[in-house]
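Reader: I'd like to go through this chain with you before I set anything up. Could you start with how confident the prediction is?

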Amino acid sequence: MTIEIKNIGHAIKKTEEYLSIRKKDFLLEKKTSLYHQTRLSYEPSKKTLYLQLRDLYYRIGISYERMNDFDKSLYYLVKCLWVDTTFTNAYVHLGFVYEMMNDYTNAILSYKKIIELRPDDLSAYWRLADAY
């Protein structure tokens with residue numbers, strides 16, 4: 001599915017509205033102790049919600065990166081990593097965005113985090129060397 005650039009603002013607004021509604025639903029479910037006691041499948045649905053939220057923030061961040069709006073891209077990539085601190089794809093793009101913003105210190109930290117999470121990822125070493 002392709003989103004035209006002229007519609008991206010509308011799409012992001014609708015996405016943020018959806019996330020707001022989903023977050024309220026999630027918090028309501030979490031507060032209900034009876035829900036926790038009677039529904040055994042709560043944890044998998046919680047995990048699924050977090051993965052969907054992570055992927056959504058990631059895709060919005062990538063969209064802004066492609067439009068060279070690095071401030072907004074940074075915002076959404078950081079939100080993505082707030083949801084899942086082990087999502088290395090977000091660190092890759094975060095490092096790139098920091099490089100485009102001439103913030104090499106944070107780019108280096110992003111690439112080091114990839115190496116910490118995936119020590120066998122050779123491309124992370126290349127990115128790190130390039131950032132230096």
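Author: This is a predicted model, and the chain averages a pLDDT of 75, with 67% of the residues scoring at least 70.

Reader: Which elements have the lowest and the highest mean pLDDT?

Author: Among the elements of the chain, helix α2, which covers residues 33-38, has the lowest mean pLDDT, at 47, whereas α4 has the highest, at 89. Over residues 32-42 the pLDDT is below 50, and this stretch has 9 contacts in the model beyond near neighbours in sequence. Where pLDDT is low, the predicted coordinates should not be read in detail.

Reader: Okay, on to packing. At what angle do α4 and α5 pack, and how far apart are their axes?

Author: Helix α4 (residues 70-83) and helix α5 (residues 88-100) pack at an angle of about 150 degrees, and their axes are 10 Å apart. Because that angle is over 145 degrees, α4 is roughly antiparallel to α5. In passing α5, α4 makes a left-handed crossing.

Reader: Which residues make that contact, and how do they divide by class?

Author: From α4 the contact takes F70, S73, L74, L77, V78, C80 and L81, while α5 contributes A90, Y91, H93, L94, F96, V97, Y98 and M100. The residues of this contact divide into 13 nonpolar, 2 polar and no charged.

Reader: And what about α5 with α6, how do they pack?

Author: Helix α6 spans residues 104-117, and α5 packs with α6 at an angle of about 160 degrees, with the axes 7 Å apart. The two helices are therefore roughly antiparallel to each other, and their crossing is left-handed. Among the residues making the contact are Y91, L94 and E99 of α5 and Y104, K113 and I114 of α6. By class, the contact of α5 with α6 has 10 nonpolar, 4 polar and 2 charged residues.

Reader: Switching topic, how many aromatic pairs are there in the whole structure?

Author: A search of the whole structure finds 4 aromatic pairs. One of them joins Y58 and F87 in an edge-to-face arrangement, 5.0 Å centre to centre and with 80 degrees between the planes.

Reader: Where do Y58 and F87 sit in the chain?

Author: Y58 lies in helix α3 (residues 42-66) and F87 in the loop between α4 and α5, so the pair, with its partners 29 residues apart, links distant parts of the chain.

Note on methods
Residues are numbered from 1 along each chain as its sequence is written. This is a predicted model: local features need pLDDT of at least 70, side-chain atom pairs count only at pLDDT 80 or more; totals for chains, interfaces and linings use all residues. Side-chain values use heavy atoms; hydrogens and water are left out. Axes are lines fitted to C-alpha atoms, for helices over the stretch in contact, and angles run from 0 to 180 degrees between N-to-C directions. Helices (H or I, at least four residues) and strands (E, at least two) are DSSP runs, numbered from the N terminus. Angles under 35 degrees count as roughly parallel, over 145 as roughly antiparallel, 65 to 115 as roughly perpendicular and the rest as oblique. A crossing is left-handed if the near helix is turned anticlockwise from the far one by less than a right angle, and right-handed if clockwise. Contact means heavy atoms within 4.5 Å. Ala, Val, Leu, Ile, Met, Phe, Trp, Tyr, Cys and Pro count as nonpolar, Asp, Glu, Lys and Arg as charged, and the others, Gly among them, as polar. pLDDT is the predictor's confidence in each residue, from 0 to 100. Rings of Phe, Tyr and Trp (its six-membered ring) pair if their centres lie within 6.5 Å; planes under 30 degrees apart count as stacked, over 60 as edge-to-face and the rest as tilted.
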